[in-house]
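Hi everyone, thanks for making time.

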Amino acid sequence: MNSASARRIVPDAIARQPWEMVIPLVLLTAFGGLVLYSAGGGAMQPFAASHFLRFAVFSLMAAIIAAVPRNVVRAVTYPGYLTVLLLLLAVEVVGAVGGGSQRWLELGPVRIQPSELMKPAVVLAMARFYETLPLGMVGTWRSLVPAGMLIVLPMGLVLMQPDLGTSVAIAFGGVVVMFLAGLPLWWFMLAGGAALGAAPLVYFFALHDYQRARVTTFLDPESDPLGAGYHIAQSKIAIGSGGIFGKGFNNGTQSHLNYLPEPHTDFVFATMAEEWGLAGGLFVLLMYGLILRWGMKVAAQSQDRFSALLAAGATATIFFYIAINLLMVMGMAPAKGIPLPWMSHGGSSMMTNMICIGLLMMVNRWNQRAPRRGLASR
Amino acid sequence: MRLPFLSDGSLRSGRVINASILRATFDRRAVLIGGVQGGIGALLALRMGYLAIAENEKYRLESESNRVNLTLIPPRRGWILDRNGAPLASNRADFRVDLIPERMHNAAATIDRLGELLALEPTRIADIKDKVSTSRGFTPVEVASGLNYEQFAALSVRLPDLPGVVPQRGFSRFYPTASSVGHLIGYVGPASAEEYEKDPNPILITPGYKIGKDGLEKQFEKGLRGVPGARRVEVTASGRIVRDLETREDIQGAPVRLTIDGPLQDYAARRIGLESGSVVVMDCRTGDLLCMASMPSFDPNSFSDGIGSVEYAMLRDDERVPLRNKVLKGLYPPGSTVKPMVSMALLEQGIDPHEQVHCGGGLRVGNRVFGCWNRRGHGAVDMARGIYQSCDVYFYTMAQRVGMDPIAAMARRCGMGEEFHLPVTSQFYGTVPDPAWKMKKWGREWQTFDTVNATIGQGYMLSSPLQLAVMASRLATGRHVMPRLTLDAKPKGFDSIDFPSEHVEFVRQAMSDVVNGPGTAGRARLPIKDVQIAGKTGTAQVVSLSISNGRTGPWKYRDHGLFIFFAPFDNPRYAGAVVIEHGGGSGAAYPIARDVTTFLFDPAKGMEALTALEKQWGGTAQQRLEGRYATYAAERGAAVRRPPRRDEEIFDRVEAEARVAATQTEAIAEDVITPRSEANPSATPPATPSAPTPAPASPEQLPAQATAQPEVSG
């Protein structure tokens with residue numbers, strides 16, 4: 001929070017805003033727009049303009065979310081979760097009827113990707129579940145099974161689309177909430193061990209060929225330099241060739257000459273790094289760090305279990321996007337269709353992340369209204 | 001319901017779970033999660049620093065090699081020039097299309113589409129398909145060159161649908177006189193896979209790059225090649241060129257300056273006409289080879305994109321072997337053209353040239369009679385008359401006296417059996433038989449008839465047209481003239497004197513009399529005042545008398561016609577030899593020598609004679625070749641076998657056949673040759689260009705003329 005003197009000069013309504021998050025977020029989005037301007041061949045169209053427009057629209061949405069009272073949130077959480085779950089089911093049905101897999105629903109002019117909405121919805125539902133779970137039951141199967149169902153159901157539906165990346169993102173948000181809810185530590189260790197053991201089985205029996213190719217390529221990038229490994233190899237070339245200060249704005253050859261696949265979505269960081277170098281990369285990492293630190297701070301300052309779990313889960317969801325995308329473009333994770341928040345061109349991820357930001361701002365507002373009680377902190 | 005394995009966890013260490021414990025757990029675990037996030041952030045920062053700093057150099061290089069595409073520009077080949085600097089082989093700017101088989105997805109469909117766009121003939125399309133299927137992926141296959149701009153543009157816009165197709169602007173080899181220089185210059189073609197393996201230079205598999213495959217093109221390959229240029233262009237991932245970055249021009253190969261006189265070479269080649277033969281002309285004051293024409297020939301321009309199957313079949317089926325360079329690889333019994341040389345040997349052995357021998361139409365040695373070509377006999381014959389009347393009996397008699405060895409030694413000194421130091425891919429050097437040679441080769445004793453045969457240039461004696469021309473030069477000058485083919489080679493042999501000048505004078509006069517006196521080649525007189533040609537006729541029998549009379553019947557059994565000459569006779573400047581395979585006698589050869597020499601001294605007059613002849617023949621040699629190709633393709637185009645994949649196989653086959661052909665006369669060497677009449681003894685100078693002699697004179701005509709001969713000489 002700002003100092004007392006600052007609060008006197010600046011109107012309270014403005015000083016109340018979470019500037020330590022808003023400023024990095026705006027800088028990051030603006031920088032993302034700049035990179036998209038270059039990726040669009042040095043023009044606002046087709047990427048940069050819509051990027052800014054979406055940010056404006058979703059900022060408004062975040063502001064609206066931030067204003068929702070606690071009771072309303074508690075009331076709509078489960079119905080909301082159920083609605084999104086039904087939408088996911090509808091995607092499957094439409095896909096089956098239409099003959100082919102798809103990930104979105106056409107609702108009039110709007111194209112909705114329910115799997116994206118599911119990420120904040122799971123976090124909300126989980127937070128609500130652990131808020132209502134009697135404290136004594138934490139550590140019993142009753143704390144695990146319903147929550148597990150809340151995660152597994154959407155995961156299964158998303159996996160059927162098939163979209164491994166998003167289903168893992170959903171699971172990640174949910175598991176982080178479970179972890180913070182105080183479930184026994186050894187459960188997570190056991191699950192981790194089981195996951196490691198099951199990995200080969202999943203690899204050989206559950207994955208699609210193209211997914212398997214991504215994993216193989218990740219483990220041995222040289223195995224197919226012109227096929228699946230091409231994307232990551234070109235991304236590393238883009239990042240590595242940028243050096244410390246980059247090749248200069250609009251001078252990236254990897255992106256401009258189409259060597260970099262999807263320079264405006266999945267590999268936007270590589271596009272940026274080629275032109276802005278390590279300096280640009282560290283700036284981006286710093287902005288993300290500030291945003292995530294603010295998110296964790298909001299969680300830590302929350303006065304009740306629901307707010308705390310919700311804030312931490314929303315932060316984890318944002319973090320998951322950032323981490324997987326950056327690990328991927330730097331050749332440390334298999335290639336997946338996970339965009340980079342506020343930099344990649346694309347509405348769905350922008351929406352998800354802005355919903356998370358909105359939820360965090362909401363919790364932050366609650367925290368300011370009623371600061372955490374000293375008693376609970378001890 | 002309580003699952004037993006969960007009960008332990010639910011009541012961890014028996015503590016009661018309350019809100020503050022959970023809050024503390026939350027705080028601890030939130031710190032942990034924050035730590036993990038920070039850790040991953042640090043990991044990412046480190047990783048990025050590693051990529052951007054430690055590996056920056058590597059990735060910058062890779063990014064550059066992505067972005068920049070280096071294409072080699074095939075160097076322009078050095079020109080091959082004649083002695084006056086006129087090109088015999090030059091380069092022509094053109095548009096061309098090549099295929100790179102390994103880049104093609106559907107070869108057959110792509111080639112069909114190309115055939116449609118470029119309006120290629122079906123046989124050509126079949127050839128290309130054949131080549132693509134047998135080639136090794138990386139070696140380019142030429143589709144067409146010499147395209148016009150519209151075709152080139154039409155192709156260029158369709159490139160995205162035609163993977164593996166490479167249209168480009170470049171230079172192609174051009175031989176202005178086409179088939180006239182085919183054997184001499186050779187031709188160029190794309191490097192074969194074997195050649196690339198031997199010399200894995202990337203320029204060799206650059207589309208449009210050609211190397212010398214035969215003749216001088218192959219011989220001077222190193223110098224002609226030049227240094228390739230390079231073009232650096234910025235390309236997109238899909239290969240589209242964004243812009244040129246830098247271009248290094250190619251360095252053209254160094255030209256080769258030949259001693260050949262281009263117009264003369266062309267003239268001689270055309271003058272051979274419908275016959276199969278060769279003309280060699282030398283400057284006997286320098287040894288310069290002015291002309292080495294061998295016909296019929298192939299068009300080196302059409303070979304540069306590979307030898308087409310129809311074209312190859314046509315050339316192969318031709319019994320006049322258009323693929324054989326007859327100047328170097330045709331071996332013929334020299335016939336009576338050796339008589340001036342034998343005379344030199346006799347003079348050297350101290351035979352008095354004025355000593356007379358009586359020729360009664362034959363010479364009896366022991367119980368055998370060796371006939372003279374003139375059955376009636378020449379009467380009293382001295383050496384000069386022996387030459388200009390080509391009296392066989394005179395030489396039989398004298399050769400019996402001196403023996404074979406001095407004659408064989410003289411033959412070698414005159415260049416027979418000699419391999420010359422010339423930049424040619426290969427040359428045959430023939431045979432000068434002597435007793436030692438015969439014993440070694442055949443294990444048989446030298447017989448009287450061997451000497452008899454050898455003195456009239458028959459039997460085992462074989463020489464190439466080039467050797468005959470050298471012999472003419474050496475006889476004419478008395479010097480050991482060495483032929484040279486490039487202007488940068490030093491004239492050689494002029495410091496060594498082969499013959500005393502009085503011997504030279506004598507032989508010159510006798511050889512002049514062959515043409516200008518009462519000799520056997522009266523029709524060879526030049527239609528030019530002040531310039532007199534000297535020469536010696538020769539008619540070489542190839543099969544025994546029982547098979548053919550040498551003048552009619554199947555072409556391949558007819559006699560070879562030969563003529564060696566020099567001019568002007570008293571101060572020789574040019575010397576040469578004309579050999580017409582199966583021409584039916586020397587009458588086929590010396591009119592050609594006459595016209596070629598005429599052209600040397602008076603090009604307009606020479607041309608006039610040729611134009612008249614070509615009207616009868618149906619066009620120039622090149623026009624007739626093209627006409628024959630069209631007819632052949634129309635008749636048998638569909639049913640040809642494909643040519644050998646490698647040009648070397650063709651060369652080997654041609655060479656092997658040439659060797660076999662050279663042994664044709666061995667069959668009759670083991671017996672006495674009954675000499676053929678020395679064709680046209682009429683001493684009437686040709687007022688008008690004589691009638692062409694593609695067909696030999698009728699058999700009735702010749703004895704009649706022979707009868708008239710003694711009167712003239714008397």
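How many bridges join strand S11 of chain B to S12(B)? There are 7 of them, linking S11(B), residues 276-283, to S12(B), and the two strands run antiparallel.

Before I go on, some housekeeping. This is a predicted model, where local features need pLDDT of at least 70, side-chain atom pairs count only at pLDDT 80 or more, and totals for chains, interfaces and linings use all residues. Residues are numbered from 1 along each chain as its sequence is written, with chains lettered from A and ligands numbered from 1 in the order in which they are written.

Two strands pair if DSSP finds at least two bridges between them.

Back to our two strands. In that pairing, B:Val280 sits opposite B:Met292 of S12(B). S11(B) and S12(B) make a hairpin with 4 residues between them, and in the turn you'll find B:Gly287 with a positive phi of about 85°. Now, "buried" means that 20 or more other C-beta atoms lie within 10 Å of a residue's own, "exposed" means 12 or fewer, and "partly exposed" is in between, with C-beta atoms placed from the backbone.

Chain B has another hairpin to look at. S14(B), residues 362-365, and S15(B), residues 368-371, are antiparallel and joined by 4 bridges. B:Gly362 is across from B:Gly371 in S15(B). This hairpin has 2 residues between the strands, and B:Gly366 takes a positive phi near 65°.

Next, an open sheet in chain B. Its 3 strands come in the order S1-S8-S9, and the pairing is antiparallel. Why is one side of S1(B) and of S9(B) left without a neighbour in the sheet? Because S1(B), residues 68-73, and S9(B), residues 241-248, stand at the edges, each with a single partner strand. From one strand to the next, the twist averages 25°. S1(B) and S8(B), residues 229-235, pair over 6 bridges, and B:Leu70 has B:Arg232 in S8(B) as its bridge partner.

Now for a helix, H4(B), residues 107-118. It has 12 residues and reaches 16 Å from first C-alpha to last, close to the 16 Å expected at 1.5 Å a residue; the expected span is 1.5 Å times one less than the number of residues. Which residues of H4(B) are buried? They are B:Thr110, B:Ile111 and B:Leu114. These cover an arc of only 95° around the axis, which puts them on the same side of H4(B); that arc is taken from the directions from the helix axis to the C-beta atoms. On the face turned away from the buried side are the exposed residues B:Ala108, B:Ala109 and B:Glu116. Strand S3 and helix H5 of chain B are among the elements covering the buried residues.

Over to chain A. It has 16 helices and 2 strands, and of its 378 residues, 51% count as buried. One helix to point out is H8(A), residues 164-180: its 17 residues should span 24 Å at 1.5 Å a residue, and its end C-alpha atoms are 24 Å apart, which agrees. 15 of those 17 residues are buried, so H8(A) is largely enclosed by the rest of the structure. A:Gly182 follows H8(A) and has a positive phi near 100°.

Also have a look at A:Arg305, in helix H14(A), residues 305-329. It counts as buried because it has 23 C-beta neighbours inside 10 Å. A:Arg305 and A:Ala181 are 124 residues apart in sequence, but 8.2 Å apart in space, C-alpha to C-alpha.

Last stop: where the chains meet. Residues are in contact if their C-beta atoms, placed from the backbone, lie within 7 Å. The contact takes 43 residues from chain B and 46 from chain A. On the chain B side, H1(B), H2(B) and H3(B) each supply at least two residues, and H2(B) gives the largest share, 22 residues.

Terms used
Two residues are in contact if their C-beta atoms, placed from the backbone, lie within 7 Å. Axes are lines fitted to C-alpha atoms, for helices over the stretch in contact, and angles run from 0 to 180 degrees between N-to-C directions.
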